[in-house]
Amino acid sequence: MNLIEVKDVSKRFGSLIAVNGVSFEVKSGEVFGLLGPNGAGKSTLISMVTTLVRPDSGRITIDGNDVMQKSKEARKAIGLVPQEIALYPTLSARDNLVFWGRMYGLGGKLLDERVDMALEIAGLKDRQNDRIETYSGGMKRRINIAAALLHKPKILVMDEPTVGIDPQSRNHILESVLNLNKEGMTIIYTSHYMEEVEYLCSRIAIMDHGKIIASGSKEELRKLVGEFDVINVDIANPPSGLEELVQPLKGITKVILDGSKLSVYGKESGAMLAPLISILDESNCKIHNIGIQESNLESVFLHLTGRALRD
(Lines give C-alpha, C1' and ligand atoms only; values in the text may rest on other atoms or scores of the structure.)
Protein backbone atom coordinates (compact mmCIF):
# COMPACT_ATOMS: atom_id res chain seq x y z
CA MET A 1 0.00 0.00 0.00
CA ASN A 2 1.26 3.48 -0.94
CA LEU A 3 0.91 6.00 1.90
CA ILE A 4 2.30 8.80 -0.28
CA GLU A 5 1.86 9.28 -4.02
CA VAL A 6 3.47 12.17 -5.91
CA LYS A 7 2.59 12.45 -9.60
CA ASP A 8 4.23 14.89 -12.04
CA VAL A 9 4.60 17.68 -9.45
CA SER A 10 6.26 20.99 -10.38
CA LYS A 11 6.95 24.28 -8.58
CA ARG A 12 8.41 27.49 -9.96
CA PHE A 13 9.63 30.58 -8.09
CA GLY A 14 9.87 33.34 -10.69
CA SER A 15 12.32 32.13 -13.33
CA LEU A 16 13.60 29.31 -11.10
CA ILE A 17 12.08 25.87 -11.62
CA ALA A 18 12.65 24.39 -8.16
CA VAL A 19 10.81 21.10 -8.79
CA ASN A 20 10.26 19.84 -12.32
CA GLY A 21 7.79 17.03 -13.02
CA VAL A 22 8.65 14.81 -10.05
CA SER A 23 6.86 11.49 -9.43
CA PHE A 24 7.40 8.86 -6.74
CA GLU A 25 5.52 6.82 -4.15
CA VAL A 26 6.28 5.78 -0.58
CA LYS A 27 5.00 2.45 0.67
CA SER A 28 3.63 1.88 4.16
CA GLY A 29 6.35 0.87 6.60
CA GLU A 30 9.42 1.83 4.57
CA VAL A 31 12.19 4.38 5.02
CA PHE A 32 12.30 6.30 1.74
CA GLY A 33 15.42 8.36 1.08
CA LEU A 34 15.51 11.56 -0.94
CA LEU A 35 19.17 12.18 -1.76
CA GLY A 36 20.68 15.15 -3.51
CA PRO A 37 23.03 18.14 -3.14
CA ASN A 38 22.00 21.42 -1.56
CA GLY A 39 19.75 23.30 -3.97
CA ALA A 40 18.48 20.15 -5.70
CA GLY A 41 14.85 20.96 -4.80
CA LYS A 42 14.45 18.51 -1.91
CA SER A 43 13.11 21.01 0.63
CA THR A 44 10.65 22.53 -1.86
CA LEU A 45 9.39 19.05 -2.69
CA ILE A 46 9.02 18.19 1.00
CA SER A 47 7.19 21.48 1.62
CA MET A 48 4.65 20.49 -1.03
CA VAL A 49 4.28 16.95 0.35
CA THR A 50 3.62 18.37 3.83
CA THR A 51 1.07 20.94 2.50
CA LEU A 52 3.22 23.99 3.37
CA VAL A 53 3.64 25.00 -0.29
CA ARG A 54 1.06 24.55 -3.07
CA PRO A 55 2.36 22.83 -6.21
CA ASP A 56 1.89 24.64 -9.52
CA SER A 57 0.90 21.38 -11.17
CA GLY A 58 0.65 17.69 -10.47
CA ARG A 59 -1.04 15.72 -7.69
CA ILE A 60 0.00 14.62 -4.19
CA THR A 61 -1.97 12.23 -1.98
CA ILE A 62 -1.17 11.47 1.66
CA ASP A 63 -2.87 8.45 3.22
CA GLY A 64 -5.46 8.65 0.45
CA ASN A 65 -6.09 12.41 0.88
CA ASP A 66 -5.36 14.88 -1.91
CA VAL A 67 -3.24 17.62 -0.30
CA MET A 68 -4.97 20.34 -2.32
CA GLN A 69 -8.52 19.22 -1.54
CA LYS A 70 -8.15 17.61 1.92
CA SER A 71 -5.08 19.28 3.38
CA LYS A 72 -6.34 19.09 6.98
CA GLU A 73 -6.83 15.32 6.77
CA ALA A 74 -3.43 14.90 5.09
CA ARG A 75 -1.65 16.88 7.82
CA LYS A 76 -2.98 14.60 10.55
CA ALA A 77 -0.97 11.74 9.10
CA ILE A 78 2.30 13.69 9.00
CA GLY A 79 4.97 14.58 11.54
CA LEU A 80 7.37 17.14 10.05
CA VAL A 81 10.96 17.65 11.20
CA PRO A 82 12.03 20.85 9.40
CA GLN A 83 15.59 21.86 8.55
CA GLU A 84 15.34 24.86 10.85
CA ILE A 85 14.94 24.45 14.61
CA ALA A 86 11.23 25.08 15.37
CA LEU A 87 11.60 25.59 19.14
CA TYR A 88 11.30 28.50 21.59
CA PRO A 89 14.82 29.03 22.99
CA THR A 90 13.79 30.55 26.34
CA LEU A 91 11.39 27.70 27.16
CA SER A 92 12.46 24.34 28.54
CA ALA A 93 12.35 21.23 26.39
CA ARG A 94 9.29 19.99 28.23
CA ASP A 95 7.47 23.32 27.87
CA ASN A 96 8.24 23.33 24.14
CA LEU A 97 6.81 19.83 23.75
CA VAL A 98 3.73 20.72 25.81
CA PHE A 99 3.16 23.73 23.55
CA TRP A 100 3.45 21.70 20.34
CA GLY A 101 1.34 18.92 21.84
CA ARG A 102 -1.46 21.40 22.47
CA MET A 103 -1.14 22.59 18.87
CA TYR A 104 -1.91 18.99 17.90
CA GLY A 105 -4.99 19.08 20.12
CA LEU A 106 -3.56 16.97 22.94
CA GLY A 107 -4.24 17.67 26.59
CA GLY A 108 -4.39 16.30 30.14
CA LYS A 109 -2.86 12.94 30.99
CA LEU A 110 -2.48 11.97 27.32
CA LEU A 111 -0.36 15.04 26.64
CA ASP A 112 1.90 14.28 29.64
CA GLU A 113 2.32 10.69 28.45
CA ARG A 114 3.18 11.77 24.90
CA VAL A 115 5.70 14.36 26.14
CA ASP A 116 7.37 11.69 28.31
CA MET A 117 7.44 9.36 25.31
CA ALA A 118 9.02 12.02 23.07
CA LEU A 119 11.66 12.92 25.66
CA GLU A 120 12.51 9.24 26.03
CA ILE A 121 13.00 8.87 22.28
CA ALA A 122 15.16 12.02 22.24
CA GLY A 123 17.23 10.64 25.13
CA LEU A 124 16.91 13.95 26.98
CA LYS A 125 14.53 13.22 29.85
CA ASP A 126 17.22 14.24 32.33
CA ARG A 127 17.48 17.67 30.64
CA GLN A 128 13.74 18.23 30.13
CA ASN A 129 13.54 21.27 32.45
CA ASP A 130 16.56 23.08 30.96
CA ARG A 131 15.96 25.90 28.52
CA ILE A 132 16.52 25.11 24.85
CA GLU A 133 19.05 27.95 24.56
CA THR A 134 21.37 25.97 26.86
CA TYR A 135 21.30 22.92 24.55
CA SER A 136 23.93 21.96 21.99
CA GLY A 137 22.96 21.99 18.32
CA GLY A 138 22.53 18.22 18.33
CA MET A 139 20.30 18.26 21.40
CA LYS A 140 18.08 20.92 19.82
CA ARG A 141 17.67 18.75 16.73
CA ARG A 142 16.70 15.77 18.90
CA ILE A 143 13.93 17.81 20.56
CA ASN A 144 12.94 19.09 17.11
CA ILE A 145 12.34 15.46 16.14
CA ALA A 146 10.55 14.72 19.43
CA ALA A 147 8.03 17.50 18.71
CA ALA A 148 7.04 15.82 15.43
CA LEU A 149 6.23 12.54 17.21
CA LEU A 150 3.76 13.81 19.81
CA HIS A 151 0.63 12.98 17.82
CA LYS A 152 1.99 9.58 16.74
CA PRO A 153 1.87 10.27 12.99
CA LYS A 154 1.74 7.54 10.36
CA ILE A 155 4.44 9.34 8.39
CA LEU A 156 7.55 11.10 9.69
CA VAL A 157 9.13 13.54 7.23
CA MET A 158 12.72 14.51 8.12
CA ASP A 159 14.36 17.31 6.15
CA GLU A 160 18.18 17.26 6.62
CA PRO A 161 17.88 16.39 10.35
CA THR A 162 21.61 15.95 11.04
CA VAL A 163 23.10 19.09 9.49
CA GLY A 164 25.84 20.63 11.64
CA ILE A 165 25.58 18.39 14.71
CA ASP A 166 27.99 16.40 16.85
CA PRO A 167 28.67 12.70 16.09
CA GLN A 168 26.91 11.49 19.26
CA SER A 169 23.65 13.25 18.42
CA ARG A 170 23.94 12.18 14.79
CA ASN A 171 24.26 8.53 15.79
CA HIS A 172 21.35 8.90 18.23
CA ILE A 173 19.14 10.33 15.47
CA LEU A 174 20.05 7.59 12.99
CA GLU A 175 19.33 4.85 15.52
CA SER A 176 16.06 6.57 16.49
CA VAL A 177 14.97 6.52 12.85
CA LEU A 178 15.64 2.80 12.61
CA ASN A 179 13.80 2.11 15.88
CA LEU A 180 10.76 4.17 14.83
CA ASN A 181 10.65 2.30 11.54
CA LYS A 182 10.84 -1.07 13.33
CA GLU A 183 7.77 0.02 15.28
CA GLY A 184 5.92 0.53 11.99
CA MET A 185 6.41 4.23 11.19
CA THR A 186 6.82 5.24 7.55
CA ILE A 187 9.66 7.74 7.09
CA ILE A 188 10.83 10.10 4.36
CA TYR A 189 14.45 11.04 5.00
CA THR A 190 16.07 13.81 2.96
CA SER A 191 19.79 14.42 3.05
CA HIS A 192 22.89 15.27 1.05
CA TYR A 193 24.85 12.83 3.21
CA MET A 194 24.86 9.70 1.06
CA GLU A 195 26.20 7.48 3.87
CA GLU A 196 23.13 8.27 6.02
CA VAL A 197 20.70 7.49 3.22
CA GLU A 198 22.60 4.31 2.36
CA TYR A 199 22.49 3.22 6.02
CA LEU A 200 18.80 3.98 6.69
CA CYS A 201 16.76 3.65 3.54
CA SER A 202 15.18 0.69 1.77
CA ARG A 203 14.41 2.73 -1.36
CA ILE A 204 16.06 5.91 -2.57
CA ALA A 205 15.35 8.67 -5.09
CA ILE A 206 18.30 10.74 -6.28
CA MET A 207 17.34 14.34 -7.02
CA ASP A 208 19.29 16.99 -8.93
CA HIS A 209 18.27 20.31 -10.49
CA GLY A 210 14.64 19.81 -9.53
CA LYS A 211 14.27 16.35 -11.08
CA ILE A 212 14.51 12.78 -9.86
CA ILE A 213 17.28 11.34 -12.02
CA ALA A 214 17.18 7.80 -10.60
CA SER A 215 15.26 5.78 -8.02
CA GLY A 216 15.11 2.28 -6.63
CA SER A 217 16.67 0.08 -3.99
CA LYS A 218 20.37 0.48 -3.14
CA GLU A 219 21.12 -2.62 -5.19
CA GLU A 220 19.15 -1.34 -8.20
CA LEU A 221 20.93 2.02 -8.09
CA ARG A 222 24.36 0.44 -7.83
CA LYS A 223 23.62 -1.56 -10.98
CA LEU A 224 23.48 1.75 -12.87
CA VAL A 225 27.22 1.99 -12.34
CA GLY A 226 27.85 -1.72 -12.79
CA GLU A 227 30.33 -3.94 -11.02
CA PHE A 228 33.07 -1.32 -11.08
CA ASP A 229 35.56 0.05 -8.63
CA VAL A 230 36.31 3.76 -8.57
CA ILE A 231 39.79 5.17 -8.06
CA ASN A 232 39.50 8.69 -6.65
CA VAL A 233 42.56 10.93 -6.87
CA ASP A 234 42.82 14.43 -5.40
CA ILE A 235 45.24 16.41 -7.58
CA ALA A 236 46.60 19.87 -6.78
CA ASN A 237 47.28 20.91 -10.37
CA PRO A 238 45.40 18.79 -12.94
CA PRO A 239 46.54 19.73 -16.46
CA SER A 240 44.08 20.26 -19.28
CA GLY A 241 43.41 17.13 -21.28
CA LEU A 242 44.14 14.81 -18.36
CA GLU A 243 40.97 12.78 -18.99
CA GLU A 244 42.07 12.06 -22.58
CA LEU A 245 45.47 10.87 -21.33
CA VAL A 246 43.96 8.48 -18.77
CA GLN A 247 41.02 7.08 -20.77
CA PRO A 248 43.04 4.77 -23.09
CA LEU A 249 44.51 2.78 -20.17
CA LYS A 250 43.52 -0.89 -20.16
CA GLY A 251 40.47 -1.75 -18.05
CA ILE A 252 39.20 1.82 -17.68
CA THR A 253 35.56 2.36 -18.64
CA LYS A 254 35.02 5.98 -17.65
CA VAL A 255 37.05 8.98 -16.49
CA ILE A 256 35.66 12.12 -14.82
CA LEU A 257 37.73 15.15 -13.82
CA ASP A 258 35.66 17.29 -11.45
CA GLY A 259 37.75 20.26 -10.37
CA SER A 260 40.75 18.76 -8.59
CA LYS A 261 39.16 15.31 -8.18
CA LEU A 262 39.86 12.63 -10.78
CA SER A 263 37.53 9.61 -10.71
CA VAL A 264 38.50 6.56 -12.74
CA TYR A 265 36.02 3.67 -13.21
CA GLY A 266 37.08 0.11 -14.02
CA LYS A 267 36.64 -3.54 -13.09
CA GLU A 268 40.20 -4.20 -11.90
CA SER A 269 41.36 -1.26 -9.80
CA GLY A 270 44.55 -3.06 -8.76
CA ALA A 271 45.68 -3.45 -12.35
CA MET A 272 44.73 0.15 -13.23
CA LEU A 273 46.47 1.81 -10.30
CA ALA A 274 50.16 1.55 -11.34
CA PRO A 275 49.75 2.82 -14.93
CA LEU A 276 47.42 5.57 -13.69
CA ILE A 277 50.01 6.84 -11.22
CA SER A 278 52.67 6.70 -13.96
CA ILE A 279 50.59 8.94 -16.22
CA LEU A 280 49.92 11.38 -13.37
CA ASP A 281 53.63 11.46 -12.56
CA GLU A 282 54.57 12.04 -16.21
CA SER A 283 52.01 14.89 -16.29
CA ASN A 284 53.67 16.50 -13.24
CA CYS A 285 50.50 16.11 -11.16
CA LYS A 286 50.84 16.61 -7.43
CA ILE A 287 48.73 13.91 -5.75
CA HIS A 288 47.24 14.85 -2.37
CA ASN A 289 45.19 11.71 -1.80
CA ILE A 290 44.24 8.50 -3.57
CA GLY A 291 41.61 5.94 -2.64
CA ILE A 292 39.67 3.00 -4.08
CA GLN A 293 35.97 2.44 -3.42
CA GLU A 294 33.37 -0.05 -4.53
CA SER A 295 30.27 1.34 -6.19
CA ASN A 296 28.01 3.25 -3.78
CA LEU A 297 25.50 6.10 -3.96
CA GLU A 298 28.29 8.65 -4.34
CA SER A 299 29.65 6.86 -7.39
CA VAL A 300 26.10 6.49 -8.77
CA PHE A 301 25.55 10.25 -8.50
CA LEU A 302 28.95 10.95 -10.06
CA HIS A 303 28.16 8.51 -12.86
CA LEU A 304 24.77 10.15 -13.56
CA THR A 305 25.80 13.80 -13.30
CA GLY A 306 29.56 13.95 -13.82
CA ARG A 307 30.09 15.72 -10.50
CA ALA A 308 30.35 14.92 -6.82
CA LEU A 309 27.23 14.75 -4.66
CA ARG A 310 28.27 17.52 -2.26
CA ASP A 311 29.13 20.14 -4.90
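This is a predicted model: local features need pLDDT of at least 70, side-chain atom pairs count only at pLDDT 80 or more; totals for chains, interfaces and linings use all residues.

Colleague: OK, at what angle do H5 and H6 pack?

Modeller: About 20°, with the axes 9 Å apart; H5 covers residues 137-148 and H6 residues 167-182. H5 and H6 are therefore roughly parallel to each other.

Colleague: Is the crossing of H5 and H6 left-handed or right-handed?

Modeller: Left-handed.

Colleague: Which residues meet there?

Modeller: From H5, Gly138, Met139, Arg141, Arg142 and Ile145; from H6, Ser169, His172 and Ile173. Sorted by class, that contact has three nonpolar, three polar and two charged residues.

Colleague: Switching to rings. How many aromatic pairs are there?

Modeller: The count is three. In one of them, Tyr88 and Phe99 have ring centres 5.3 Å apart and planes at 85°, so that pair is edge-to-face.

Colleague: Where do Tyr88 and Phe99 sit?

Modeller: Tyr88 is in the loop between strand E6 (78-81) and helix H3 (93-103), while Phe99 is in helix H3. The pair therefore ties together parts that are eleven residues apart in sequence.

Colleague: And what's the geometry of Phe99 with Trp100?

Modeller: Ring centres 5.1 Å apart, planes at 75°, so this pair is edge-to-face. Ring pairs join Tyr88, Phe99 and Trp100 into a cluster.

Colleague: What are the relative accessible areas of Tyr88 and Phe99?

Modeller: Tyr88 has 39% and is partly exposed; Phe99 has 28% and is partly exposed. Trp100, at 25% relative accessibility, counts as partly exposed.

Technical notes. Residues are numbered from 1 along each chain as its sequence is written. Side-chain values use heavy atoms; hydrogens and water are left out. Axes are lines fitted to C-alpha atoms, for helices over the stretch in contact, and angles run from 0 to 180 degrees between N-to-C directions. Helices (H or I, at least four residues) and strands (E, at least two) are DSSP runs, numbered from the N terminus. Angles under 35 degrees count as roughly parallel, over 145 as roughly antiparallel, 65 to 115 as roughly perpendicular and the rest as oblique. A crossing is left-handed if the near helix is turned anticlockwise from the far one by less than a right angle, and right-handed if clockwise. Contact means heavy atoms within 4.5 Å. Ala, Val, Leu, Ile, Met, Phe, Trp, Tyr, Cys and Pro count as nonpolar, Asp, Glu, Lys and Arg as charged, and the others, Gly among them, as polar. Rings of Phe, Tyr and Trp (its six-membered ring) pair if their centres lie within 6.5 Å; planes under 30 degrees apart count as stacked, over 60 as edge-to-face and the rest as tilted. Buried means under 20% relative accessible area, exposed over 50%, partly exposed in between (1.4 Å probe, protein chains only).
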